[in-house]
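Colleague: Before we discuss this model, could you put it on the screen, so that I can ask how each term was assigned?

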Amino acid sequence: MREAVNAARRIVVKVGSSSLTTAAGGLDTERVDALADVLAGWLAGGTTGAGPTEAAPPPAGSGRRRAAPADRRELVLVSSGAIAAGLAPLGLPRRPRDLATQQAAASVGQGLLIGRYSAGLARHGRTVGQVLLTVDDVTRRAHYRNAYRTLRKLLDLGAVPIVNENDTVATDEIRFGDNDRLAALVAALVHADLLVLLSDVDALYTGDPARPGTVRIEDVHDERDLAHVAIGRTGRAGVGTGGMVTKVEAARIATGFGIPVVLTSASLAPEALAGMEVGTFFHRVRQRPTARLFWLAHATSPRGRLHLDPGAVAAVVGRRKSLLPAGITAVDGTFTAGDPVDLVDAAGAAVARGLVNYDAVELPGLLGRSTSELAAALGPAYEREVVHRDDLVLLV
Ligand SMILES: Nc1ncnc2c1ncn2[C@@H]1O[C@H](COP(=O)(O)OP(=O)(O)O)[C@@H](O)[C@H]1O
Ligand SMILES: N[C@@H](CCC(=O)OP(=O)(O)O)C(=O)O
């Protein structure tokens with residue numbers, strides 16, 4: 001039995017397109033209904049839907065989190081499948097490659113998907129809320145606070161938030177494209193006790209499971225357990241996107257945030273949620289970064305680059321100092337104050353990421369000048385750091 005699974009009271013479950021579609025390419029309504037039954041069963045206190053069971057103690061080390069009341073279970077579902085579900089109704093034979101057709105398919109499929117979950121969970125007296133997120137919603141600080149508030153309120157009201165990427169508006173540049181990492185970020189956002197990744201394969205294998213001789217990996221404690229694993233792309237179904245690459249990446253993000261991960265197939269979801277040793281279990285990494293800096297490192301896409309001279313690299317990386325204009329040699333990108341930027345060394349390698357205090361257009365006039373000189377010439381507002389140490393996370 002897996003103690004961390006049994007103890008979890010707030011979980012994020014992610015289900016992939018490959019688990020929700022028929023061989024012919026439509027939405028597999030039976031599988032959506034079956035998943036709704038399993039999730040409702042877990043929410044009711046057991047995994048069979050048979051009714052409440054005795055509450056397990058809260059997870060060890062969870063004291064700093066806002067834990068759900070001991071008698072209450074909370075679930076956020078991250079469901080893919082909008083694009084796949086839209087194919088058959090639009091007469092599309094396979095997953096389209098171009099963004100516009102994918103967006104059209106998602107627009108049709110998302111409604112069908114939510115409609116089915118809504119009906120499936122209503123049979124158990126559960127209400128669902130649709131939450132469509134873009135990368136910005138989980139990366140930019142003001143937005144992720146907003147996303148957090150919405151999810152928190154839905155949970156407080158006893159609803160099941162069902163999250164997907166907002167495919168109809170997301171463009172290629174700002175797209176997650178797979179829901180695995182989105183699920184890990186949502187798990188971090190709501191401070192989940194556990195992330196469950198459900199796919200069409202029952203576990204992570206040492207290589208492509210279609211090949212003979214590959215074996216199931218039961219536990220991943222750290223990178224050493226992944227050293228000899230051939231982590232491949234999508235499987236036979238061809239409707240998923242990231243394959244194991246994005247699932248392992250999602251597991252890295254979640255476990256780095258102190259959240260353990262179970263990876264298994266949708267058909268083994270009842271066993272996985274009951275704490276049985278199916279699938280692959282990724283143990284959480286002990287140290288837990290502050291939420292904001294974790295976000296900066298994992299979830300933000302930098303809008304520009306600040307090139308640092310060696311003295312500035314030593315100050316920022318070695319001595320954990322704020323970045324001042326004097327140590328910057330060049331600036332790339334179009335950003336405004338408050339945006340994330342990468343701090344790069346003379347070789348162009350990113351050494352840190354931080355939130356910049358100036359617009360890109362302002363910076364060239366400040367480079368190489370001391371803060372006191374700038375304050376004297378331009379006024380006290382120019383005495384501020386380019387990136388404050390509290391808004392910096394090291395990448396090395
Ligand atoms: N080492 C591996 N272990 C398990 N599955 C793997 C591995 N490498 C590649 N895969 C493939 O990854 C697929 C799951 O990814 P994907 O199709 O994106 O699923 P989903 O739609 O559930 O996100 C599996 O069907 C499997 O063929
Ligand atoms: N947002 C997309 C998810 C993309 C996708 O296929 O993800 P996944 O099946 O989890 O690899 C959709 O709903 O179709």
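Modeller: Let me begin with residues 304-383, whose end C-alpha atoms lie 22 Å apart and which are 21% helix and 29% strand; helices (H or I, at least four residues) and strands (E, at least two) are DSSP runs numbered from the N terminus. The model is a predicted one, in which local features need pLDDT of at least 70 and side-chain atom pairs count only at pLDDT 80 or more, while totals for chains, interfaces and linings use all residues. Residues are numbered from 1 along each chain as its sequence is written, and chains are lettered from A and ligands numbered from 1 in the order in which they are written.

Colleague: What does the UniProt annotation say about residues 304-383?

Modeller: The unreviewed UniProt entry annotates residues 304-383 as "domain: PUA"; such positions are given in the numbering used here, feature names are shortened, and annotations may be inferred rather than shown by experiment.

Colleague: What makes strand 10 and strand 13 edge strands of their sheet?

Modeller: The open sheet has 5 strands in the order 10-9-11-12-13, with mixed pairing, where two strands pair if DSSP finds at least two bridges between them. Strand 10 (328-333) and strand 13 (387-394) each have a single partner strand, so one side of each is left without a neighbour in the sheet. Strand 9 (residues 304-308) and strand 11 (residues 340-344) meet the pairing criterion with 3 bridges, in the parallel sense, and L306 has L343 as its bridge partner in strand 11.

Colleague: Why is helix 7 described as largely enclosed?

Modeller: A residue is buried if 20 or more other C-beta atoms, placed from the backbone, lie within 10 Å of its own, exposed if 12 or fewer, and partly exposed in between. In helix 7 (residues 179-189), 11 of the 11 residues are buried, so the helix is largely enclosed by the rest of the structure; among them are D180, R181 and L185.

Colleague: Why is H191 called partly exposed, and why is R320 called exposed?

Modeller: H191, in the loop between helix 7 and strand 5 (194-199), has 19 other C-beta atoms within 10 Å and is therefore partly exposed. R320, in the loop between helix 11 and strand 10, has 11 such atoms within 10 Å and is therefore exposed.

Colleague: What is the phi of H191, and what is that of R320?

Modeller: Most residues other than glycine have a negative phi. Phi of H191 is near 55°, a positive value, and phi of R320 is likewise positive, near 55°.
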